[in-house]
Every structure is written in structure tokens, then in C-alpha cells.
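Subject: Structure handover

Hi there,

Here is the structure I promised to pass on, with my notes below it. Have a look at it first, and then read on for what turned up.

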Amino acid sequence: MRRHSVRAPAIAALVLFAAFAVFLFTRPVAQGATSVASPLIGTTGQRFSTATLLGHQIVVPGSKGHVVVLSFFASWCGPCKTEAPELATFQWHLHTTHSTTALLGVVYNDSNASAASFARTYGLSYPVVADPGGLIANAYGVTGLPRTVVVDAHGRIAAVLVGAVTSSQLTAVTDAAARQRA
């Protein structure tokens, strides 16, 4: 009699576990970041002068006439690790097509040493800038990671993407930003 009273709950738990496993393994995987309707879109991106992790002075977002992609990341961010190979691919695409679009990494709430190690680990060849005190992140409304902000050739914020972006997604967004008219 005692055996039967344990068997039924154990079988029910096993069935629930199997159903949950099927749900997890059959749901669609998120592909790319989500474009958000930020109040920053259409406003002029704030400019900052800061140093790259290699010590070179740089102006963020750079000069007008170029589309600039600001990729906010941290070494401790799981989705940033998923995104890093996509950003490396996007940078390679920019380099091989001689694009005037610039990609900049912005360290968010992380040490420069950890960010530099992250960049080496993932083969990131684009400049990565320090953001002491989070001034750049605050100006661009960054509250979580990963976050990507695209500034068009006129210096206006053209897109804000939340989550891990893909290379093809960034290509489409930056191509649209390059076509923006004054």
C-alpha cells in the first residue's frame, strides 16, 4: 500500500519535468536585439571626449558625416558574450567594405582591465572606450546590457537596440541610418 502512494506523485513529477523540458527545447530562440521606441531617437547625440582602453583620445560619437554604432557592454554580461562574435563580424564587414560607419565599444560598469581582457578573448578589433562615472551611458539612456545606440551621419540618434544584436541586424540599421536626410 505504501509503494503505490509514492509512485503516483513521482510519476506526476516526472511527467511535469518532461513537459517543461519539451517546452524549453522547442521554443524559438531569440534572434537579434529588439529595437525600442526610445525618446532619444531623433535627438542629437551628446559628444564626449574620452580615452580608449589603449590610451588614445577619442571623441564619442565622432564627427558628423559618419554613422556611429555605440555598443555598451561589460565582461560580466552573459548576452554581451553572445553578441561579441556578431560585433566582430560586423567590424570585419565594415573594414572589408571600406564603410564610413564606425563601431565603438563603451565599457559599462566594469573595470577597464576586465573589458580589455573581454575584447582580447573575443577578438574585438574596434576601439573600446572607458566610461568613467557612466556619463556616456547616462547620456544615451543605458540602463541594462547589452545596449546598442546608432547615431546617424547628422549626429542624431537613429536607433536604440536592446539585447544581443546580430551582424545582419546592425548592417540593416546602419544602412538605414546612412540614408537619413538632414
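Let me begin with Phe118, which is buried at a relative accessible area of 6%. Here buried means under 20% relative accessible area, exposed means over 50%, and partly exposed is in between, with a 1.4 Å probe and protein chains only. Before going further, please note that this is a predicted model, in which local features need pLDDT of at least 70 and side-chain atom pairs count only at pLDDT 80 or more, while totals for chains, interfaces and linings use all residues. Residues are numbered from 1 along each chain as its sequence is written, and side-chain values use heavy atoms, with hydrogens and water left out.

**Aromatic rings**

The whole structure contains 3 aromatic pairs. In the pair of Phe118 and Tyr122, the ring centres are 4.7 Å apart and the planes meet at 45°, so this pair is tilted. For reference, rings of Phe, Tyr and Trp (its six-membered ring) pair if their centres lie within 6.5 Å, and planes under 30 degrees apart count as stacked, over 60 as edge-to-face and the rest as tilted. While Phe118 is buried, Tyr122 is partly exposed, with 28% relative accessibility.

**The cavity**

Phe73 and Phe118 also turn up in the lining of the largest cavity, together with Ser71, Cys80, Glu83, Ala84, Leu87, Leu124 and Tyr126. The structure has 1 cavity of 30 Å³ or more, and the largest cavity holds about 40 Å³ of space. On the method: a 1 Å grid is laid over the protein atoms alone, and a cavity is a set of points where a 1.4 Å probe fits but cannot get out, whereas a pocket is an open set with protein on both sides within 12 Å along at least five of seven lines; lining residues have an atom within 4 Å of a point. Grid points are joined across faces, edges and corners, and a volume is the space filled by probe spheres set on the points.

Strand S4 (68–73) and helix H2 (78–96) each bring at least two residues to this cavity lining, and H2 gives the most, with 4 residues. Helices (H or I, at least four residues) and strands (E, at least two) are DSSP runs, numbered from the N terminus. By residue class, the cavity lining has 7 nonpolar, 1 polar and 1 charged. Ala, Val, Leu, Ile, Met, Phe, Trp, Tyr, Cys and Pro count as nonpolar, Asp, Glu, Lys and Arg as charged, and the others, Gly among them, as polar.

**The pocket**

The largest pocket has about 220 Å³ of space. Its lining consists of Thr52, Leu53, Leu54, His56, Ala116, Ala119, Arg120, Leu124, Ser125, Tyr126, Pro127 and Val128. H3 supplies the most to this lining, with 3 residues, and the classes come to 8 nonpolar, 3 polar and 1 charged.

One of the pocket residues, Ser125, sits in the loop between helix H3 (112–121) and strand S6 (128–129). Ser125 is exposed, at 58% relative accessibility.

**Backbone details**

Val60 and Pro61 are joined by one with omega of about 5°, and Pro61 lies in the loop between strand S3 (57–60) and S4. Leu145 and Pro146 are joined by another, with omega of about -15°; Pro146 is in the loop between helix H4 (135–139) and strand S7 (147–151).

His98 has a positive phi, near 55°, although it is not glycine. This residue belongs to the loop between H2 and strand S5 (102–107), and His98 is exposed at 69% relative accessibility. Asn109, in the loop between S5 and H3, has a positive phi near 50° and is exposed at 65% relative accessibility.

**The chain as a whole**

The protein chain has 5 helices and 8 strands, and buried residues make up 39% of its 182 residues.

Best wishes
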